[in-house]
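I opened my notebook to jot down what I looked up in this one. Here are my entries, in the order I made them.

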Amino acid sequence: MIKRILIASLLLGVPCLAQVPSPPSPASSPAPRAAAAEIELQRKLDVPFTLLLQKVELAEAFKQIAGAGQIALQVDPGCYEALPYGATTRVTVDFRESKLREAIEQVLVPLCLEQVVSGSTVIIRPTAPLARIGRRADWDELKLLQELRTGSLKASSGSKPPAEPGANGSVPFDWTAALRAALDGHPHLVVSIPPTTASEAGALHEQAIEQLKKQLPLSPFRALELYCQLTNQIWFVEAGPASGVGKGGGDGTVMIMPVRRWIDRQLQRPIKIAFTNAPLQQVVDEMSHLSGIRFTPAPGLYQAMPRVSVNSDYSSVEATLKAISGGTGIAFDIGEDSIYLHMATAGVSAQGAVPSPVRTDRVVARIAVPIAPSSSPNNAANGLTMDILIYESDLPTDLNELRKKKLQESVEALQKALIPQPHPSSQTQTE
């Protein structure tokens, strides 16, 4: 039995969401080695075990859970980057004869993380709505996501009075009212959803709502996932100071939007990244990890431009991409669900993508400007800076010539310092 779970001094009781898979049929043929390893892992996840942890950091907690259950457990680094206290988040757990999968789930649900079985390994990763916040979530956002995950959206939730029927005579489904009814203590919850005035978007909305109604009751989390899947959109939450709603009241906003709109939003997100002569693929993977945006390279791009250098101190993702473009000639086109990377000389964009304006001149300077927090505009000594990139064409002609002259002088001085000069030889003549 699970006694209690205390996470970062918050007592959060949550029911288990994990489902035990049905055992394989005895008459089935022998499974391949990979399938056999997964089946063995599933059995271990159903074995009861006992474990007590007192205010243990999350990484150590996962390590001890894996050791006690004798399983391979892998944690996506994005988990720690999405949490308010990162890897220093502390958990207190007391499991007594609890199934391993249920124990893991009870730790994950309050943090909006999820477990996935992949072969012989349990992978812990952020849920998609948590990752899409695009920064460290605050505790109000985690609490809202937890309540969306554990609440219940019923068939009668959110329906307007019958006096307001829809065009086809059905009762309209009010998202905000439905979610408020499924959650406790969120009287000011806002659901931000794009208008469906266009006929095609409106038809998708109506079809999605009809499908959703047929599958109620659902958790609000699952209902939002289903709605967004059917309308080709995504969702995430904002709460606390980020939402600007319900000061201290635990309210917030459920954001529903097309992927393209979310990508535009993420392109303005500040990131810190530094690579010197590193493989381009490694740089792109890191940018994807930091921003959540999916990047699609053109065939042969990593071979055509194998290594790059980039340094961004909290510049936006878009500014960092432009810096890479200015130094390498790599263009980026913003598509509906990803960003397409290709050499500018190729002149080819992904179908439906919007080509980025590629500057042909080079980045010649980078200025780090201190950033003061909004709460204390006069305090610039907080360690945060924003990069401002200066291109060659940004400088006037005389300043550009001076820059080139100084650069040439620096190169010549460096050559004199590094290349040994020949010493005059002395000769002795004898008669």
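**Entry 1: a helix and a threonine.** Before anything else I needed to know what counts as a helix: a DSSP run of H or I that is at least four residues long, with numbering from the N terminus. With that in hand I found Thr 176 in helix α7, which covers residues 175-182. I also noted that this is a predicted model.

Is Thr 176 buried or exposed? Its relative accessible area is 18%, and buried means under 20%, so Thr 176 counts as buried. I then checked what touches Thr 176, skipping neighbours within four places in sequence, and got Leu 189 and Val 191.

**Entry 2: the whole chain.** I stepped back for the totals. The protein chain has 14 helices and 18 strands. It has 431 residues, and 39% of them count as buried. I also looked at contacts between residues at least 6 apart in sequence: 67% of these join residues at least 24 apart.

**Entry 3: checking helix α2.** Helix α2 runs over residues 58-69, which is twelve residues, and at 1.5 Å a residue it should span 16 Å. The C-alpha atoms at its ends are 16 Å apart, so the check agrees.

Which residues of α2 are buried? I listed Leu 58, Ala 61, Phe 62, Ile 65, Ala 66 and Gly 69. Looking down the axis of α2, these buried residues fall within an arc of 130°, so they line one face of the helix. Just after α2, I spotted Gln 70 with a positive phi of about 55°.

**Entry 4: aromatic pairs.** How many aromatic pairs are there? The count comes to four. One I looked up is Tyr 85 with Trp 139: the ring centres are 5.2 Å apart and the planes sit at 75°, so this pair is edge-to-face. Tyr 85 is in the loop between α3 and β5, while Trp 139 is in helix α6, so the pair ties together parts that are 54 residues apart in sequence. Tyr 85 has 46% relative accessibility, so I wrote it down as partly exposed.

Phe 221 and Trp 235 make another edge-to-face pair, with 5.2 Å from centre to centre and 80° between the planes. Phe 221 belongs to helix α9 and Trp 235 to strand β9, and they are 14 residues apart. Both Phe 221 and Trp 235 are buried. I noticed as well that Arg 149 lies over the face of Phe 221, 5.9 Å from the ring centre.

**Entry 5: the nonpolar core.** The largest nonpolar core has 94 residues, and the ones touching the most other members are Leu 148, Leu 153, Trp 175 and Trp 235. Helix α9 gives the most to this core, with six residues. For background, nonpolar side chains tend to be buried together in soluble globular proteins. I followed up Leu 153: leaving out residues up to four places away in sequence, its contacts include Phe 173, Trp 175, Leu 212, Pro 217 and Ala 223.

**Entry 6: a proline in a loop.** Last, I looked up Pro 110, in the loop between α4 and β6. With 2% relative accessibility, Pro 110 counts as buried. Pro 110 and Thr 150 are 40 residues apart in sequence, yet their C-alpha atoms are 9.8 Å apart in space.

Definitions and conventions
Residues numbered from 1 in each chain as written. Predicted model: local features only at pLDDT ≥ 70, side-chain atom pairs only at ≥ 80, totals over all residues. Heavy atoms only, no water. Helix = DSSP H or I, 4+ residues; strand = E, 2+ residues; numbered from the N terminus. Expected span 1.5 Å × (residues − 1). Buried < 20%, exposed > 50% of the residue type's maximum accessible area, 1.4 Å probe, protein only. Arc of directions from axis to C-beta. Phe/Tyr/Trp six-rings, centres within 6.5 Å; stacked < 30°, edge-to-face > 60°. Lys NZ or Arg CZ within 6 Å of the ring centre and 35° of its normal. Core = buried A, V, L, I, M, F, W, Y, C linked by side-chain atoms within 4.5 Å. Contact = heavy atoms within 4.5 Å.
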